Each structure stands twice: as structure tokens, then as C-alpha cells.
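Okay, thanks everyone for coming. I'll just put the model up and talk you through it.

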Amino acid sequence: MASDKKSLHPAFAVSNIKVLIPFTLDIKQDEYSSWVFLFQLHLQAHNLLFLIDDSAPPPDLDAATILQLDALCRQWMFSTMAKDLMLTVLKTGKTAKELWNHLKNLFQDNKGSRAANLESKFVNLRFVDCNNVDDYCDKLQALSNRLSDLDFPMDEKRLVIQLVNGLPEE
């Protein structure tokens, strides 16, 4: 008789997705690649990648459970987004895959202009604009990471050159 009971998918036990995906997806920040990596990792851990790619769902899932998991995946996406972004995309995806593709297009369509903006911030950052040396180094590294997220990687030599160029003469 116990075998007749339907087991609950482990994804339904996730109570706080923000612990697992600590990035807040925001159009003003350039952490899309990091967010995607962690989100895909989370979906893979729960065997849910089929919700955002073209792979087939596991055969043991019925259509009703797949619909519930799709809604759960969209809830995870929305709960890891900034409010402005969420309001922008709220009605664009009727499925997790549609929402995923819309976000991909949104973030990758204008990545050239976002990279140019970040590059400008990177080359114009000066030590005097920061609280201390650690703050200065952290800001340069963060800008470098954000550029890498946009597929404009920064090599170590360039990072060091910019670090030195931004220091005062003394």
C-alpha cells in the first residue's frame, strides 16, 4: 500500500533559494553569468535542467508534477531578481524556459554597451576615489570580474597596470 503513495520531488523541499543562489539578478549589475552558473548548478542538483533547456524530463515525472516544478523554477528565478527586473519580466514567461530565454536575451543583447561602461569605470578608477588600499583593490577586482562575466576578460598584467596607474604619485 505504501508503494501507491506518490513521493514528493526534493525540489519542493527548498525553502530559501537565496541561500543557494546568493546573487540578486539585476540589470544594473553585471553578475548575470555568475547567477546563471549557480542557477544551472542548482537545477542540475535537483535534476531539473530540462525545465530550461531542450532535454527530456525524467520518465518518472507526470505532467502535473512537471507543471508544478516549472512554476517552482519560475518562483526561484523571480525571488533571486531585483524588484525592477522582476517587474520588467513578470509577464514575459509562461514557462521557466521562456523566462530563462527572455533573461538571456535581455542580458546578452546589450552586453557590449555594458562592457564599455564598465571598462570606462575600470580605467578611470583612482585610489583617491576609495576609502583605502583594500577598497581600491576590491573595486578594481570587482570591475574586472564583472567584465569577465560579460565575456571581456581582464588578464592579471592589465589589472596590475591599472592598479599602479590609479595610485597617487607619492
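So, look at H3 and H5: their axes come within 9 Å and cross at roughly 30 degrees. Axes here are lines fitted to C-alpha atoms, for helices over the stretch in contact, with angles from 0 to 180 degrees between N-to-C directions. Angles under 35 degrees count as roughly parallel, over 145 as roughly antiparallel, 65 to 115 as roughly perpendicular and the rest as oblique, so H3 is roughly parallel to H5. On the H3 side the contact uses Asp70, Cys73, Arg74, Met77 and Phe78, and on the H5 side Ala96, Lys97, Leu99, Trp100 and Leu103. Contact, whenever I say it, means heavy atoms within 4.5 Å. Sorted by class, that H3 and H5 contact has 7 nonpolar, no polar and 3 charged residues. For the classes, Ala, Val, Leu, Ile, Met, Phe, Trp, Tyr, Cys and Pro count as nonpolar, Asp, Glu, Lys and Arg as charged, and the others, Gly among them, as polar.

Quick housekeeping. This is a predicted model, where local features need pLDDT of at least 70 and side-chain atom pairs count only at pLDDT 80 or more, while totals for chains, interfaces and linings use all residues. Residues are numbered from 1 along each chain as its sequence is written, and side-chain values use heavy atoms, with hydrogens and water left out. Helices (H or I, at least four residues) and strands (E, at least two) are DSSP runs, numbered from the N terminus.

Now the cores. A nonpolar core is a set of buried Ala, Val, Leu, Ile, Met, Phe, Trp, Tyr and Cys residues joined through side-chain atoms within 4.5 Å. Buried is under 20% relative accessible area, exposed over 50%, partly exposed in between (1.4 Å probe, protein chains only). The largest one has 30 residues, and those with the most contacts inside it are Trp35, Phe39, Trp76, Met77, Met81 and Leu103. Which helices give two or more residues to this core? They are H2 (32–45), H3 (63–79), H4 (83–89) and H5 (96–109). Apart from that core lies another, of 12 residues, including Leu118, Cys130, Tyr136 and Leu140.

Let me zoom in on Trp76. Leaving out residues up to four places away in sequence, Trp76 touches Ala11, Val14, Ile17, Phe39, His42, Leu43 and Leu48.

Next, the loop between H2 and H3. Leu49 is found there, and at 26% relative accessibility Leu49 counts as partly exposed. Beyond four places in sequence, Pro57 is in contact with Phe50 and Ile66.

What about Arg146, buried or exposed? Arg146 sits in helix H7, residues 133–149, and at 16% relative accessibility counts as buried. Its contacts, sequence neighbours within four places aside, are Lys28, Gln29, Asp30 and Leu118.

For contrast, go to the segment before helix H1 (17–20), where you find Ala13. At 63% relative accessibility, Ala13 counts as exposed.

Last, the domains. The assignment, automatic or from a database, gives domain 1 (22–110) and domain 2 (125–169). Their C-alpha centres lie 31 Å apart.
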